[in-house]
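Subject: Structure handover

Hello,

Here is the structure I said I would pass on. My notes come after it.

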Amino acid sequence: MTQQSESTTRSPGARDTGAPAAPSLFTPPASPLAEPRPLGERRVWPRTFHDRLTAPLPGLKAVARFAREGAVRPDREGLADIPLLPYEPGPLPRVDARTVAVTWAGHASWVVRIGGLTVLTDPVWSRRILGTPGRITPVGVAWSALPRVDAVVISHNHYDHLDAPTLRRLPRDTPVFVPAGLSRWFERRRFTCVTELDWWEAAQLDGVRFDFVPAHHWSKRSLTDTCRSLWGGWVLTDAEGQRVYFAGDTGYGHWFSRIGQRYPGIDLALLPIGAYDPRWWLSDVHCDPEEAVRACQDLGARRMAPMHWGTFVLSAEPVLEPLTRVRAAWEKTGLPREHLWDLPVGASRVLERTRLA
């Protein structure tokens, strides 16, 4: 991968000059984190974020190779284990303002309870997304079972992470936190509290801090908008200092260690482990299970919860393989087994208050 500058210190709307970044920009500073930006702030951004790519997008040769030999679905044997995919929906746990709990709704959609807020990550409650067969496991949490949604975080604009039919179910005054360049999509749908952030920037809602952090990925929603909006993950921190990292969609690379340096003490990392085969095609944008475990270690996270598997068939690996491989990779590290939260779709886990006196 070609590493690009991680600097976001240039003013919004400024063009990249192509000059190499100062060496200090490649190590997150030890100084305090950036002050939270105002909710709903209007910003001006560059026309494109191509300079943030950490690997070139596939060219014509790669597309031709994929058309010739690429497999986008598992074979019949790889699909045979669909009935064995773990699906155990249950009631959402009871929480208070000092409790952190997560519930996996499927794919990259989580119900995160933190600091008294209910936060949805990349909510996709639809049975089908554009260009992909329908879900192979049902949604793990009925929409009617959700408490009031206090906020939504979006990692990027791909259809399996930004789902218009699901978002239409929300009240239009729901606070939404999105990558730079994506607010217009929400404003066209009459959302009134949309906060868009650049990498390493933050906003705050009712005592919970929302930091937007880099990822090894890209964005595209139509034929004409490649990399016109940013992509990344989110670090949510409550008043007690408890931290949940939601990676969104990402390949493996240098950002994980830098996120861990800037946000030490991540209690739980929600990391993608699926949609990785064929590797030559997908390695730059999707972690495989072993890379996800390595990313958790790079982050210095205390626990890992796998996601982005067992919901939509997006690539060629057998449907159960991500789970078996992540368990084997975790065991090889010697880390406590109970710190791998390999939840069934619909299941929940409550974070112990390790930070509290």
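This is a predicted model: local features need pLDDT of at least 70, side-chain atom pairs count only at pLDDT 80 or more; totals for chains, interfaces and linings use all residues.

Numbering starts from 1 along each chain as its sequence is written, and side-chain values use heavy atoms, with hydrogens and water left out.

Helix pair. Helices α7 (residues 289-299) and α8 (residues 321-333) have axes that come within 8 Å and cross at roughly 40 degrees. In the contact (heavy atoms within 4.5 Å), P289, E290, V293, C296 and Q297 of α7 meet P322, R325, V326, A329, W330 and T333 of α8. These divide into 7 nonpolar, 2 polar and 2 charged residues (Ala, Val, Leu, Ile, Met, Phe, Trp, Tyr, Cys and Pro are nonpolar; Asp, Glu, Lys and Arg charged; the others, Gly among them, polar).

Pockets (open sets of points on a 1 Å grid where a 1.4 Å probe fits, with protein on both sides within 12 Å along at least five of seven lines; lining residues have an atom within 4 Å of a point). The largest pocket holds about 1,000 Å³ of space. It has 36 lining residues, with H158, W218, W281, L282 and H286 closest to its centre. The lining comprises 21 nonpolar, 8 polar and 7 charged residues.

The second largest pocket holds about 640 Å³. Its lining has 7 nonpolar, 6 polar and 11 charged residues, and α4 gives the most to it, with 5 residues.

Regards

Terms used
Axes are lines fitted to C-alpha atoms, for helices over the stretch in contact, and angles run from 0 to 180 degrees between N-to-C directions. Helices (H or I, at least four residues) and strands (E, at least two) are DSSP runs, numbered from the N terminus. Grid points are joined across faces, edges and corners, and a volume is the space filled by probe spheres set on the points.
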